[in-house]
Amino acid sequence: MNNFTQLPARQLTVTDLGCVRAERQVLSGISLSASSGEAFLLRGPNGAGKTSLLMCLAGYLPVSQGSITWLSRDPDQHPGEDIHFVGHLSAVKPSLSVQDNLTFWAVLNGGTEQLVLSALQVAGLEHAASLQAMLLSAGQTRRLSLARLLVAPRPIWLLDEPTAALDSEGDRWVAQMIDAHLKAGGIVIAATHLDLMLDNSGQITTLTLGGAS
Amino acid sequence: MSIETAKPMNWFDKLAHPGQFLIWSRYLVLPLALVSTTLFVIGLWYAFFNSPEDYQMGDTVRIMYVHVPNAWLSQFVYVAMAVSAIGTLVWRHPLADVSMKAAAALGAAFTAMALFTGALWGRPTWGTYWEWDGRMTSTLVLFLMYLGLVILWRSFDDQLRAAKLVAVLTLVGAINIPVIKFSVDWWNTLHQPASVLRAGGPAMPPSILIPLIVMTFAFTFLFLTLHMVAMRTEILRRRVRALERKRAVEGIVK
Amino acid sequence: MNAFVAVVAHDLKLATRSFGDLLTLILFFVMIGVIVPFAIGPDKVLLARLSPGIVWIAAFLSSLLALDRLFRVDQEDGSLLAFRHATISLETITFAKLIAHWLTSALPLILATPILAVMLNMDMTIFWRTVVSLLLGTPALTAFGAVGAAITVSLRRGGLVAPVLILPLSVPILIFGTSAISANAGPDAEVAAQLFLAGISLVSVSLAPFAAALALKLTQE
């Protein structure tokens, strides 16, 4: 499993968050708070705003009302470098090899070659390391895009339907990854319709978002 | 620690809120239209009946009283658009979006008028409808920029997102305009040894200057009137869209 | 390998993997040189006189063709979102992509200029001046193109709209580009044009990453 040294402590507080996207009010009045070792599972019907909330937390969408506060011990660090965001899109380049894809993200995100090799192993892709990514199945592509989380240690994981295209073994693998991350002191906020079977490592809160306003 | 918060609304925001704008702008449209009409009447009277003929061009010089204001407006409207673009990007002002969009089509129209009247004027003056001189060429490039902006507006379904990207293009264009003018003038001096006849010569007597200024004001007020009407129309159009969208969502729920 | 170099290498690798795209680009460039004589007649003196302009038009149109792949693939596969959280800023990444794009779209064209020179009966001195002027001016074309590509990245037919937006802005590049090769007003004008061209390239290459990154961020909102 991953041998993370303890991740830096973080605290997230969201107060009365509202957000406008494509001429619609996609979020309003959302409040939550999470600290190191805690996970938030976002539930709700399609269009409820789960993706929008994650994008807002990731800094892609501007805040139209309310506030998001991140408390960290390092004020000089760019807040964006604390976060891994894995959404619906895989960010995988089909014409490059599996390993090249991961190595690129490792270098770009401050990871190491060593972590790339161990990530491939954990994701079950080491046998495909030198194959072109276009040869992977949908489930394997999803594993590759999630492996990005493992090549550069960062405290905050924002995941949008991480188990999409995965079978039940893949679901278990995602749960184990999230578990290990929480044990190392990270925060996970994930939109998922599945009941992730996590060990009771830290708090897991479920937040259900309503229908579109 | 990093905090992201929404900014609170101040008096300016409240006044410039689209809903508020619709209310107080209604009372401005008619006065602006009246001022424009009056200025046009005065200006045209001066232009036709109270200003001298040009010693070389005769009566055709009177086209200048339409051409010059339009040419000036084509640049003024771009400045107005650039200011609105800054409003969109820096202050995320909802009215700035609308102002920019309204100005784009109007600016294109005024620039087209400038080119058209320039061609009409050119025929008796130069013998051809089009001459690649510095000013006309710059105006042509400006016209292409306006059209590009109009096309960009129409390419997006989401007009809010369009506004931000059009604002970027508008500002990039604004920075480029001096470069384009300079390069076109430079190019023109390379290829055209003869100088182009300028209207009225280096010094303009008051008999020509006054109608020119009146007509310039007339066209400017025309722009302000049309701009205000266009902004109101755009705000109403967006409201209709929002209502239609709401109706569609409710339809699914029911 | 640091992150900046990694982005350049990454884009270079991707571009060379799709060799078909590269070939299409060079072919398009050369084909313009082929169809011009069909269109205006094979008068060698006339072709030689027009050749600087024709080469520049060919370079300009070909660069517009190559623009779409600068950001579109990254937008569609979610890489742009992930770039926002890299250890280098999106502006730096954009600059790296600009460099890689110039290397894989403008440089191949410059290397293919001899083919056009032969077909258009270009004088030897004019040819070398053309190469220099392309080297000085194509960075500016790439920079302006990048801004246009970033603004239109979310449009389905962005590849058609971007050229229309970029064209008016590129007028100075074309003017100075051709005048740097041969100007009616003599060698002073040519040197002046070269300097203006270099100036435009330097300024546009430094500023374009900021404008393009801004447009990309606004697209994601």
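The dialogue below reads a few features of a predicted model, from one chain to a contact between two chains.

Me: How should I read the names and values here?

Reply: Residues are numbered from 1 along each chain as its sequence is written, and chains are lettered from A and ligands numbered from 1 in the order in which they are written. Because this is a predicted model, local features need pLDDT of at least 70 and side-chain atom pairs count only at pLDDT 80 or more, whereas totals for chains, interfaces and linings use all residues; side-chain values use heavy atoms, with hydrogens and water left out.

Me: How many helices and strands are there in chain A?

Reply: Helices (H or I, at least four residues) and strands (E, at least two) are DSSP runs, numbered from the N terminus. Chain A has five helices and eight strands, and along the sequence they follow the pattern β-β-β-α-β-β-α-α-α-β-α-β-β.

Me: How many residues of helix 1 of chain A are buried?

Reply: Buried means under 20% relative accessible area, exposed over 50%, and partly exposed in between, with a 1.4 Å probe and protein chains only. Eight of the nine residues of helix 1 (residues 50-58) of chain A are buried, among them L53(A), L54(A) and M55(A), and 55% of the 213 residues of chain A count as buried.

Me: Why does A112(B) count as partly exposed?

Reply: A112(B), which lies in helix 4 (residues 94-126) of chain B, counts as partly exposed because its relative accessibility is 29%.

Me: At what angle do helix 6 of chain B and helix 7 of chain C cross?

Reply: Two packed helices are described by the angle between their axes and the distance between the axes. Axes are lines fitted to C-alpha atoms, for helices over the stretch in contact, and angles run from 0 to 180 degrees between N-to-C directions. The axes of helix 6 (residues 159-191) of chain B and helix 7 (residues 124-151) of chain C come within 10 Å and cross at roughly 160 degrees, so the two helices are roughly antiparallel (angles under 35 degrees count as roughly parallel, over 145 as roughly antiparallel, 65 to 115 as roughly perpendicular and the rest as oblique).

Me: Which residues meet there?

Reply: Contact means heavy atoms within 4.5 Å. In helix 6 of chain B, residues including L165(B), V168(B) and N176(B) meet F144(C), V147(C) and I151(C) in helix 7 of chain C.

Me: How many residues of chain C are in contact with chain B?

Reply: Between the two chains, 31 residues of chain C are in contact with 28 residues of chain B.
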